[in-house]
Structures are given as structure tokens and as C-alpha cells.
Amino acid sequence: LGASRSDLIQVVAIGAAVLLVLVTKRRDFTLYAFDPTHAYAIGLNPRRLGAVLLGLLALTAVVALQAVGVVLVVALLITPGATAYLLTDRFPRMLLIAPGLATACAMVGLYASYYLDTASGPMVVLVNGIVFTMVYLFNPRRGVVTARLRKPTPGVDASSAN
């Protein structure tokens with residue numbers, strides 16, 4: 001896969017630092033994201049919270065950039081969150097589902113790239129895209145295909161079907 005030992009150590013160290021900050025300041029970041037005025041009213045500094053979030057995003061992008069490249073970083077940052085959004089309406093669940101999906105897709109993509117002898121970054125993004133597409137189409141609550149199947153056919157009376 002072309003990653004040196006020092007690259008892996010750097011990824012793990014920065015990833016752990018970002019995760020630690022996100023977990024410890026989770027409530028403040030959530031409040032800032034949904035209502036910065038209220039965050040300011042209770043004594044938080046919305047400008048600082050925004051700067052910290054952007055800094056964490058930059059660190060994450062820099063780490064991912066080494067592994068997959070510029071275009072794929074955007075896909076890796078957006079797709080797991082978008083998929084989690086389709087799966088739940090509750091923000092705390094999204095915060096668990098998105099990294100879980102990202103991790104699972106990364107592992108599947110890495111194994112697939114090894115056995116198919118392809119580049120690892122694009123394969124990880126491809127797996128993310130496939131999972132997003134499947135959820136988008138077949139989600140029990142909001143899936144495009146499942147909604148179409150649930151919709152009654154015009155002109156067919158449901159009571160006469162029995």
C-alpha cells in the first residue's frame with residue numbers, strides 16, 4: 001500500500017488527537033453547529049469553536065491527503081456523514097454511525113484493493129459510494145426504491161385485492 005511506518009504513526013497520532021478533541025468537546029461543537037447564538041449566550045466562544053473545528057478538519061484532510069489524494073479526501077470526508085444522515089435522524093447516532101461506516105468501508109476497500117490489485121484510495125471511496133447508493137435506494141424509511149414499492153398503484157383498490 002506504500003505507507004511507511006512513520007506515515008502510519010503520524011496518521012494514528014493525529015487521528016487520536018482529533019478524536020480526543022472531538023469526544024471531549026462534542027456537546028460544545030454540537031451546540032455551536034446548531035445554534036451559535038445560544039452557545040455565545042451561555043459563555044462559549046463561537047469564533048474559537050469554529051476555528052477549532054476548521055483546524056480539526058484541516059488536520060484530518062492533511063492526514064487523508066497523504067493516503068488518497070486531493071479529490072478522494074473530499075469523498076472520504078462527506079460520504080460517511082451523508083450515509084449516516086440517511087440512516088438516522090438523531091445526531092448522537094450519526095456521530096457513531098459515520099465513523100463506523102468509514103472504518104468498515106476502509107477495511108473492505110483495502111482488502112478489495114489488495115486482492116484485486118488496484119489502488120487502495122479509490123477502492124475505499126468506491127466502497128463508500130456503493131454503501132451510500134445502497135442506503136439511498138433501499139433504506140426502509142427513506143429509500144427511493146422502498147418508497148416506490150410502498151406507494152399504492154393508481155387505479156387499484158386496496159380493498160378489492162383480498
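Predicted model: local features only at pLDDT ≥ 70, side-chain atom pairs only at ≥ 80, totals over all residues.
Residues are numbered from 1 along each chain as its sequence is written, and side-chain values use heavy atoms, leaving out hydrogens and water. Local features need pLDDT of at least 70, side-chain atom pairs count only at pLDDT 80 or more, and totals for chains, interfaces and linings use all residues.

**Exercise 1.** Work out what span helix α7 (residues 120-138) should have.

Solution. Helices are DSSP runs of H or I with at least four residues, numbered from the N terminus. The expected span is 1.5 Å times one less than the number of residues. For the 19 residues of α7 that gives 27 Å, and the end C-alpha atoms are 27 Å apart, which agrees.

**Exercise 2.** Classify the ring pair of F132 and Y136.

Solution. Start with the rule: ring centres of Phe, Tyr or Trp (its six-membered ring) lie within 6.5 Å, and planes under 30 degrees apart count as stacked, over 60 as edge-to-face and the rest as tilted. Y114 and Y115, at 5.0 Å and 85°, are edge-to-face. The rings of F132 and Y136 have centres 6.1 Å apart and planes at 15°, so this pair is stacked. Along helix α7, F132 and Y136 are four residues apart, about one helical turn.

**Exercise 3.** Is D117 buried or exposed?

Solution. First locate D117: the loop between α6 (91-116) and α7 holds this residue. Next, apply the cut-offs (buried under 20% relative accessible area, exposed over 50%, partly exposed in between; 1.4 Å probe, protein chains only). D117 has 70% relative accessibility, so it counts as exposed. Finally, look at its backbone: phi is positive, about 55°, although D117 is not a glycine.

Definitions and conventions:
Helix = DSSP H or I, 4+ residues; strand = E, 2+ residues; numbered from the N terminus.
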